[in-house]
Structures are given as C-alpha cells and as structure tokens.
Amino acid sequence: RSYSRIEESPPMASVAAIAWSSSLLPHRQSGAALRMSSSDREGLLDALWDSSRETPTANTAEASHLHLELDEDGEPLQARFTYVDEHSCIGCTYCATTARGTFFMEEDHGRARVFDQAGDSDELVQEAIDSCPVSCIHYVSHEDLVTS
C-alpha cells in the first residue's frame, strides 16, 4: 500500500502521521532521530492501519446486562448503563464506529445496540452518545436496563 499525498492517507494515530510525513522516529535512549527506510515506514503504516480495523466480536445472542461485572453481593460495579432506543435509531452507525467495543449494528433492522457495557472508556461512550443525530442513546439505571 502506498500513499502519495497526506490527504489520501487513512485516518491513524498522530505518531504514524508524523513518522509517515517525516520518516523520522525518535530514538528513546539517546534522543537521536533514526531515519526509517521506505519499506520500514510502509510496514509501520500497514500495522497501524490493520490494527485500527480490529473490532471486538459482538455477542448478539444475549442482552448486555447478562454480562456485567458484579461485586461480591451480586450488584453491578457500574452506576449507570448505556441504552439505545432502537425504535428511534436511524442506523447512522456513528456510535458503532466511534465506540466499537460497546455498540454494534443489529443486522436484521440496521439499528445500533449495546453488546458490552464496559467495552470502551466513559469518554469514548460519551463521544458516541454526543455524535448521535437523533439522541437515541441514553444512560439508564440497572433496573431500567434489565426491564428494557
């Protein structure tokens, strides 16, 4: 895979963009810069690009509340839980693209669903919630999650 201009490059970590554009990576021990060969740079970019495509396998057979981490009394460790109102969801895929460890797109109706309540950081889940154009993703209590 080769890219001739930065605008054609895939989205990736800023360190990869710096390495790609300047062909330099800092050497941690001496502070000197090492020049990367073109093939090494391409290998680094390929590895970063491929790793960014990995997504957890969604457990679509069971509800997310069946896989919560519980304390010694059997109560959930989390105080709030993420819920998608699937009837309001328009299937834009923003949440599933943003927080891949939490959301997936249900195949039959093309709507978002939570498969892992602890799949992503709180910040990333909040970013996914904020990106929803119809505001169908909400935080709910454990009781509401189980009865929904």
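A residue is classed as buried under 20% relative accessible area, as exposed over 50% and as partly exposed in between (1.4 Å probe, protein chains only). The structure is a predicted model, in which local features need pLDDT of at least 70 and side-chain atom pairs count only at pLDDT 80 or more, while totals for chains, interfaces and linings use all residues. Residues are numbered from 1 along each chain as its sequence is written, and side-chain values use heavy atoms, with hydrogens and water left out.

F104 and F115 are both buried. One aromatic pair was found in a search of the whole structure, and F104 and F115 form this pair in an edge-to-face arrangement, with 5.9 Å centre to centre and 75° between the planes. Rings of Phe, Tyr and Trp (its six-membered ring) were paired if their centres lie within 6.5 Å, with planes under 30 degrees apart counted as stacked, over 60 as edge-to-face and the rest as tilted. F104 belongs to strand 4 (residues 103-106) and F115 to the loop between strand 5 (111-114) and helix 4 (122-131), so the pair ties together parts eleven residues apart in sequence. Helices (H or I, at least four residues) and strands (E, at least two) are DSSP runs, numbered from the N terminus.

The structure holds one salt bridge (a side-chain nitrogen of Lys or Arg within 4 Å of a carboxyl oxygen of Asp or Glu). E86 pairs in this way with R113, and the closest N and O atoms are 2.7 Å apart. E86 is partly exposed at 23% relative accessibility, as is R113, with a relative accessible area of 28%.
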